[in-house]
Amino acid sequence: MHQRDAVFLEELCPKLRVRRWRQSLHSYTGKSCIYCGQPSESIDHVLPSSHGGLSTTDNCVPACLSCNGNKSDAEVFDWYRQQHFYDPRRAMAIRAWIDGDIRLALKLLQWADPNRTSNQKKDKSKEIDLSLQAA
Ligand SMILES: [Zn+2]
């Protein structure tokens with residue numbers, strides 16, 4: 001009985017950790033898609049896992065389902081430049097994000113979408129752990 005519980009916890013904990021990590025990614029951008037600014041409903045691998053992209057913070061960005069599905073396995077900047085919502089400030093933010101500079105990325109996103117910034121600043125209850133990485 002105890003043994004079975006232990007196995008269950010081992011299976012459960014990594015999932016909880018991944019879930020918390022995914023939530024932290026969404027909280028960085030105020031739950032908005034890094035590409036278009038719509039509500040983020042998914043995590044997009046900038047370099048697709050099929051191309052060796054890892055599930056780490058610098059390769060995973062909050063994205064809406066539309067962008068995530070639309071981008072698919074395309075090279076991120078090739079794809080992004082062709083979108084009607086293309087914004088060079090967001091492109092710079094994505095570049096900063098995948099370079100591991102989330103703080104700079106968020107500043108660029110705030111520049112691209114100043115209204116969202118003011119909303120985010122009101123919500124001081126959410127402390128963001130910038131060092132959090134996927135296991
Ligand atoms: Zn989007």
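The model is predicted.

Thr56 sits in the loop between β1 (42-45) and β2. In sequence, 44 residues separate Thr56 from Gly100. In space, their C-alpha atoms are 9.9 Å apart. Gly100 follows α4 and has a positive phi, near 90 degrees.

## The chain as a whole

The protein chain holds six helices and two strands. Along the sequence, the pattern reads α-β-β-α-α-α-α-α.

Of the 135 residues in the protein chain, 24% are buried. Take the contacts between residues at least 6 apart in sequence: 57% of them join residues at least 24 apart.

## The largest nonpolar core

The largest nonpolar core contains 21 residues. Those with the most contacts inside this core are Cys33, Ile34, Tyr35, Ala63, Ala93, Ile94 and Trp97.

## One face of α4

Helix α4 has these buried residues: Arg90, Ala93, Ile94, Trp97 and Ile98. Seen down the axis of α4, they fall within an arc of 125 degrees, so they line one face of the helix.

What do the buried residues of α4 pack against? Their partners are β2, α3 and α5.

## How α4 meets α5

The axes of α4 and α5 lie 7 Å apart, and the two helices pack at an angle of about 170 degrees. An angle over 145 degrees counts as roughly antiparallel. The two helices, α4 and α5, are therefore roughly antiparallel to each other.

From α4, the contact uses Arg89, Arg90, Met92, Ala93, Ala96 and Trp97. From α5, it uses Ile102, Leu104, Ala105, Leu108, Leu109, Trp111 and Ala112. By class, the contact of α4 with α5 has 11 nonpolar residues, two charged residues and no polar ones.

Conventions
Residues numbered from 1 in each chain as written. Predicted model: local features only at pLDDT ≥ 70, side-chain atom pairs only at ≥ 80, totals over all residues. Core = buried A, V, L, I, M, F, W, Y, C linked by C-beta atoms within 7 Å. Buried ≥ 20, exposed ≤ 12 C-beta atoms within 10 Å, placed from the backbone. Helix = DSSP H or I, 4+ residues; strand = E, 2+ residues; numbered from the N terminus. Arc of directions from axis to C-beta. Contact = placed C-beta atoms within 7 Å. Axes fitted to C-alpha atoms, helices over the stretch in contact; angles between N-to-C directions. Parallel < 35°, antiparallel > 145°, perpendicular 65-115°, else oblique. Nonpolar A, V, L, I, M, F, W, Y, C, P; charged D, E, K, R; others polar.
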